[in-house]
Amino acid sequence: MKGRGDFRYSYHSVALISSVALTVLAFYAFTHFKRGVLGEYLPAFAIAFTGLVASVIFFLRTKDFYRFLSILVLSSGAPIYFVLIKGGVNPFDYAWVVVFFSVCYMILPLKRANLVASFYFALVTLTLVLGELKVINIPSSLSEVYPILLASLIVILIANSAMREFHEWVNKQVDFALHDSLTGLYNRGVIAEILSKETEAFKRSGVPMCILLVDVDHFKSINDTYGHSTGDMVLRTIARILSRNLRSGDSAGRWGGEEFLVILPGTTLDGGLNVAKRLLSEIRRETETSIGITVTVSIGVACLEGGDDPEGLVDKADKALYEAKRRGRNRVVCFESLKTLA
């Protein structure tokens with residue numbers, strides 16, 4: 001979820017990028033005006049300016065920062081292409097082709113950069129081919145573009161490969177920061193943040209929410225008897241079962257050593273109990289099948305109420321979990337039943 005600070009950062013970024021784009025556009029237009037060819041290149045500048053305005057409008061409506069960048073970059077390629085097919089004002093104009101392709105990969109997500117770069121590369125190539133076939137008239141000086149077109153292709157291939165590797169590295173770092181390395185579930189910090197956000201959402205909407213605190217019974221005994229590698233297999237198997245039983249809006253994370261927290265937004269007490277009982281059965285059955293030992297869990301269930309904060313809700317689930325342990329383990333206990341007994 002984006003916070004208010006993220007939008008402020010995006011607004012500042014859009015304002016800065018728009019100002020730079022407008023300054024470059026004005027400087028380039030002034031240069032052509034001094035050379036007496038502004039009228040000839042006016043359609044290209046009109047496309048670029050329209051793209052700048054459209055990108056800002058789209059951002060204000062959608063808050064999509066990358067859509068803003070995509071529209072801006074796509075429209076900025078128009079004057080560069082226009083200058084190209086007109087033969088350029090001077091030889092340096094052709095260098096903007098390489099600069100444009102480089103900028104695509106510097107500021108756009110990889111897929112969008114590939115789309116924009118491929119579009120303009122194909123357009124320039126098609127223009128050159130049609131010119132050679134005399135289908136359209138192109139300036140004789142356009143033959144100078146061939147080396148630059150080759151350089152652009154090299155830039156595209158190198159940038160695509162480099163950015164793909166960079167994105168893979170970033171994704172790995174993000175995944176490492178968000179997820180528990182053993183189970184693949186969210187780590188404690190992330191699942192706690194999700195719980196906090198869901199609690200705030202409950203206060204605004206009143207939609208019910210349950211959490212499950214799942215603890216492996218006699219886990220130390222499993223490690224002592226079968227070894228830590230088997231204990232790790234148990235935790236990974238349970239994590240896989242939890243993930244399999246989650247809906248798209250649910251979340252699960254490793255809360256402690258052998259403890260897991262499951263967040264079920266939009267779920268009533270009865271729904272939470274049904275999920276917990278299903279997990280209880282599946283964990284026992286699948287560990288017997290895949291690992292060859294009987295593993296049971298105890299589950300504490302608690303539902304969010306008006307006065308609860310995240311810590312209080314977890315505390316309620318923890319008390320229910322403690323009661324499940326006290327009653328002999330391998331069972332589900334909800335906090336609300338403890339209040340009834342009291």
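Eight names make up the buried side of helix α2: Tyr41, Ala44, Phe45, Ala48, Gly51, Leu52, Ser55 and Phe59. Buried here means under 20% relative accessible area, with exposed over 50% and partly exposed in between (1.4 Å probe, protein chains only). This is a predicted model, in which local features need pLDDT of at least 70, side-chain atom pairs count only at pLDDT 80 or more, and totals for chains, interfaces and linings use all residues. Residues are numbered from 1 along each chain as its sequence is written, and side-chain values use heavy atoms, leaving out hydrogens and water.

Helices (H or I, at least four residues) and strands (E, at least two) are DSSP runs, numbered from the N terminus. An α-helix has 3.6 residues a turn, so residues three or four places apart point the same way.

Let's follow α2 along its length. The 25 residues of α2 (residues 38-62) should span 36 Å at 1.5 Å a residue, and the end C-alpha atoms are 34 Å apart, which agrees; the expected span is 1.5 Å times one less than the number of residues. At Ala44, α2 bends by about 35°, the angle between axes fitted to the seven residues ending there and the seven starting there. Just past α2, Lys63 has a positive phi of about 60°.

Now to strand β1 (residues 209-216), where 8 of 8 residues are buried. One side carries Met209, Ile211, Leu213 and Asp215, the other Cys210, Leu212, Val214 and Val216. Strands pair if DSSP finds at least two bridges between them.

| Partner of β1 | Sense | Bridges | Example pair |
|---|---|---|---|
| β4 (residues 297-303) | antiparallel | 7 bridges | Val214 with Ile299 |
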